[in-house]
Amino acid sequence: MTGWLGPEEWQAVALSLKVAFWAVLVSLPLAVLVATALARWRFRGRGALNVLVHLPLVLPPVVTGYILLLSFGTQGTIGQFFKKFGIVLAFHWTGAVLAAAIMAFPLMVRAVRLSIEAVDPKLEEAATTLGAHPMRSFFTVTLPLIVPGILAGSVLAFAKAMGEFGATITFVSNIPGQTRTLPSAVYAFLQVPGGEASAMRLVIISVVIACGALIMSELLARRVAQRVGGS
Amino acid sequence: MTGWLGPEEWQAVALSLKVAFWAVLVSLPLAVLVATALARWRFRGRGALNVLVHLPLVLPPVVTGYILLLSFGTQGTIGQFFKKFGIVLAFHWTGAVLAAAIMAFPLMVRAVRLSIEAVDPKLEEAATTLGAHPMRSFFTVTLPLIVPGILAGSVLAFAKAMGEFGATITFVSNIPGQTRTLPSAVYAFLQVPGGEASAMRLVIISVVIACGALIMSELLARRVAQRVGGS
Amino acid sequence: MTLSVQVSHKFDGFELDVSFEAPEGLTVLFGASGSGKTTVVNAVAGLGTPDQARISVNGRLLVETQRGINLPAYKREIGYVFQEARLFPHLNVRKNLLYGRRMARNRSDKISFDRVVGMLGLDRLLTRHPAHLSGGEKQRVAIGRALLSRPKMILADEPLAALDERRKAEIIPYFELLRDEFSLPILYVSHSIAEVARLATTVVALERGAVSRVGAAAEVLGDPAFTPAGVRAVGAILDARVTRHHDDGLTELDAGGAALFLPRIPKTEGSDVRVRVAAHDVILSRDAPKGLSALNILRGTIVAVRAGEGPGAIVSLDTQAGRVLARVTRRSVQAMELTEGQVIHAVVKSVAVAPEDVGAR
Amino acid sequence: MTLSVQVSHKFDGFELDVSFEAPEGLTVLFGASGSGKTTVVNAVAGLGTPDQARISVNGRLLVETQRGINLPAYKREIGYVFQEARLFPHLNVRKNLLYGRRMARNRSDKISFDRVVGMLGLDRLLTRHPAHLSGGEKQRVAIGRALLSRPKMILADEPLAALDERRKAEIIPYFELLRDEFSLPILYVSHSIAEVARLATTVVALERGAVSRVGAAAEVLGDPAFTPAGVRAVGAILDARVTRHHDDGLTELDAGGAALFLPRIPKTEGSDVRVRVAAHDVILSRDAPKGLSALNILRGTIVAVRAGEGPGAIVSLDTQAGRVLARVTRRSVQAMELTEGQVIHAVVKSVAVAPEDVGAR
Amino acid sequence: DINVFAAASLKTVLEDIGAAFETEHGLAVAVTVAGSSALARQISFGAPADVFVSANADWMNYLEARGHVISESRRSVAGNALVLVRSKAKDANAADATIETALSGVGDARIAVALVDAVPAGIYAKQALKSLGYWKRLSPNLVQTDNVRAALTLVALGEAPWGIVYASDALVEPRVDVVAVFPENSHSQIVYPAATIVGGKPNEARDFLQFLAGEQAQQSFLENGFTAIGDDE
Ligand SMILES: Nc1ncnc2c1ncn2[C@@H]1O[C@H](COP(=O)(O)OP(=O)(O)OP(=O)(O)O)[C@@H](O)[C@H]1O
Ligand SMILES: Nc1ncnc2c1ncn2[C@@H]1O[C@H](COP(=O)(O)OP(=O)(O)OP(=O)(O)O)[C@@H](O)[C@H]1O
Ligand code: MOO
Ligand SMILES: [Mg+2]
Ligand SMILES: [Mg+2]
């Protein structure tokens, strides 16, 4: 494979995997929290939160990237706040993680939310009567039961993160080895006459990775479903 | 509103609404079919179909657009086949419909599939014993019961279609009045020095439309759920 | 024979091989959980395809796998009442009832909507949605829905199992109506002796995938050797006719010339009824008893004394009213020196016969 | 008083205002569907917050809304057995059982894992997942799970309603064990007279959101005026002691000096039991009957004759064994000229007492 | 009316010129903008263009090689210059400097450019830095964007203190200062070739090309920061 791909392309693949991995990992807890809130809690602003979560799905990615740049850039208020803690996002691979995470977030939240809605709240009640604090009952009962949903959501998010381009390049630009992800490389190839072949090679790689992830998630979900059994 | 927006911008809004509307309408039957197949039928190639459906979610949109151009363009085999029936897609607003439909398809299928999986197949069985052909039982029992899922999926797809950019501009370009959708117009404005204000105005419009759709779908889903009642 | 069933099928770990014939009337499939009842009923309904089957109803062949004949479920003209009602949640009661109607437009109409609604007492429910019905109401609608599809046969898979006693008592009479007034062949799954006693014309007992017993209801239930549901299930079924409703709330029956007094039975005078008398509710007395509160005393001859495994024994006696079973302790058998041929009196309290043990014949 | 409950709450269309005190033992909340039983139990468990409540168990205040005291559910140290078991589907039986254990580490341990597993017969199930358990097994695990969280009280909301008769009979004894061996206060919802008779120390009857009757079980059930579940529910509860198991399978009991013979009871000689004798299983005889197959004859004095609405009447008589009720026809009352003060014989067939009607006292 | 497919950066100026053309010839001009690469590919797939104005020669060559443009009609209609810009947010006094002194002063600050191997503006920037001998030192500082406008935006926002963009873009962005202009000979000539498309409306397209080369249009290009080219290709 390394022979077929140039070192630069290889670098892009590795970077994309890293970015997608971290994007999923970082957004997972928040996605579970938000999904729980949307599925279980009744609070003011629930509708607004729902809309907010879906925005990246709806907005042109470039716009999302631009908004990220305004808020998380070195000049942005959030960016400056983060900087105090030594966290740099702009033009850094961590920024690519943020962009990918935000773009994939709605997919993840939807998947997790649906699986939470499928868990009978009466089980949590039962845990509570057994002395479990609601937090504990969430972590020991609900969470294990929504693993299939979390898996499905994560894989979908992973695949989406692998393919994210517009927001990423707008927010963190395209620095080889730092923020040049697979889709950025694909885009670059498509910009030069005759670059289609190279572009397609990279596309195939990302499709293979994404398909692998999708198939794996179906298998995992089935296995978990079996373990948990009929009920 | 017409005062606030220039005629060109107004045109883009109208076009985007038209494109998104048709994209949802055209892809709905196929999405229901595919979702039913994935949820209910066991057949060879089910995994492949699932992956295929998800591809547009995973691929960089520009690549999807490029593939569309290759296959549905005037030179593409499918494009030439369609041409015989007088259907032109490339560089036509119908092509924008196709691009939007394909990009929104995975979202729609996922939503519908989940709601189909929530319908007890025993109800269809019951319909069959009452003399209903399986097709009839699908249309009179399953379909009405998944209306909330179809609604939710459609609205999400509509929102996504409103925001689709990469595949659209690659496949059908950015022809004023014909294929210049809202996001394409945003892109064009962003290319113009000082165009950010106009771009943002359009972004806000698309956000408002998308949010409106999202909120409406939640309300509709709730109402349908109430009508159908607890069971 | 009205119903002829032959089904065999293999699941992993379970083998079904069932074959029986049943005459007109209501046939109860009786057996423990997992004995294959649902599998048989589904084969008749055309839900799921058994490995091998030959089923015909009133001479109409539904499936004969060996000749490659297999009517799909929707063409079998069968009304299926499921345990869980399975009403369509998005349709109100009226639309649920009429669901099967359109597909059956061409068939003859002795079952009118109004008649079914009236019979099942659904008038006030027609515009409600299933979510707002109680369990018993749901099951009534399910019965009406099956009936209104103008079926040639009714299937019912434990239609009462999900209901409490009161609801059960509410539904049972409707199956009697189906059996008697609509003269529909019915295949009915149950593991309640009370239901069997009250409804069955024929009993088909299943045990681990095979038929262990087939016969007329009175015969099977009256056989002391047949105790699949425990000794408390043993009892006799007496055929009787309502002769008079007395002012003090008792109904007098004529069972083969013997008078029986039971708490009021909601049947018109002259109608035929079947009465189940549980064996454990019968007391035996050597002398004709006097000064007893029990009103029903039947004189008879002991035809069999059969000691069980526990402390009890079943005594069968032939009386005017028919075969009666009594469950007594072995100690009493000895103390009273009960033997075959002996003349003895069976004492049955009027109030010991539960209302659910009296049904239309 | 061990349990003191005062709850009021308003749903739209339903108002609950309940207040009762109950001594040690098992308290049954009894009432029709929708009378508010679950709402009361949930208030005790801390699930859902009633408008107004004051509940204490053994002097420990769980909630007093007026003083703003409201222990959250997880701090109430209560074991709740739900109707649908509610086992955690992702955990095997062992882990389900131990779920509440960790949170209760600091509490005293008279309830050991092995003891509970042994008592409930769960040994062979420990590694199974709930999906592979039968309904009865599930419910046993649920009881064990509640017990192993070392609760100060057990709540049970129709724990047997989803089970068939055989499974019910299998589970009931475990509640007797909870009541007797673990001496846990239990609040138990049921609408089965058999369960009430067998288990209840105290009965709290609810009717449309209000308490209609509170009292000791024998007293409430022995009251002919209390017939919420129909006349067939009326019966007397006799306290007795097992004196001997006879070789012919009968168990002899001593009920206040009178001997009772019943089919074998699985209790050791010398243990105390309660026997429910349904009123409709009792025959009255003016003379001491002879030559009857019934073994149990109790002599007593009529204390009340109460005619019901139907053809029946309830006769209460005081016997050596305690108060016994007989349901006879009004016709018999007249024929036998039954009046208060009259000496009479109550005849109870041994086999008429159902196994589920005998329980530990 | 005439369908003009043009590189995105030409949107404003071509719309102005189109309006003027309409007044003169009574023919409306619809300007379709996207990246030159996308437009060229679309034209090769039969897009309904009458005129193509590319941002560089490569994509015009691509179409010409495939016979999609009428070769005789091809001409450069405008040029551009490459400039080094600096964010005003960073430093107020960005006085004129030579390109060398300016580049030396970059230090390790970021420089926003378009993709240096793909997008024309980026390709020019790479050429210029190489020929001036700064490529080795400064290439690690580069942040690349998918188009030149995005690079300019980064500078305008102050996210990148420096940027290398077209003079035309820098002109109208008030939040940046032009520090220096890259010498014309430090990179290939920046030209915008235009041509009529095979299968388009030949006469109208020719008229429009002529109009582009005309005085009024060239004046527009100048006003928008492009360099005039005239009739000379
Ligand atoms: N689809 C299936 N796959 C494998 N085994 C099956 C399947 N359906 C039924 N069985 C098995 O076949 C046997 C008979 O099942 P069936 O449902 O017919 O029993 P039943 O008599 O209706 O029981 P119940 O009274 O519990 O409803 C059972 O052992 C069951 O586990
Ligand atoms: N969350 C709720 N909202 C509105 N009404 C409710 C709610 N919960 C219970 N009710 C109503 O309160 C009444 C009592 O309900 P509850 O569940 O306590 O009855 P129950 O005695 O347990 O009945 P069952 O025997 O059917 O379980 C019912 O009329 C019910 O409809
Ligand atoms: O105008 Mo371009 O083709 O985006 O450099
Ligand atoms: Mg079954
Ligand atoms: Mg309840």
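This is a predicted model: local features need pLDDT of at least 70, side-chain atom pairs count only at pLDDT 80 or more; totals for chains, interfaces and linings use all residues.
Residues are numbered from 1 along each chain as written, with chains lettered from A and ligands numbered from 1 in the order written. Local features need pLDDT of at least 70 and side-chain atom pairs pLDDT 80 or more, whereas totals for chains, interfaces and linings use all residues; side-chain values use heavy atoms, without hydrogens and water.

**View 1. Residues around ligand 1.** The shell (residues with a heavy atom within 4 Å) includes Phe11(C), Phe14(C), Lys37(C) and Glu158(C). Its largest share, three residues, is from helix H1 (residues 37-45) of chain C; helices are DSSP runs of H or I, at least four residues.

**View 2. Polar contacts of ligand 1.** Polar contacts are pairs of N or O atoms within 3.5 Å. The side chain of Thr38(C) places a polar atom 2.6 Å from a ligand 1 oxygen. Backbone atoms also approach ligand 1 oxygens: one of Gly36(C) at 2.9 Å and one of Ser35(C) at 3.2 Å. The protein buries 59% of the 630 Å² that ligand 1 exposes when taken alone (Shrake-Rupley method, 1.4 Å probe).

**View 3. Polar contacts of ligand 2.** A polar backbone atom of Ser35(D) is 3.2 Å from a ligand 2 oxygen. Alone, ligand 2 exposes 630 Å², of which the protein buries 58%.

Note on methods: A polar contact is a pair of N or O atoms within 3.5 Å; within protein, one must be able to donate a hydrogen and the other to accept it, and residues adjacent in sequence count only if both atoms are side-chain atoms. Helices (H or I, at least four residues) and strands (E, at least two) are DSSP runs, numbered from the N terminus.
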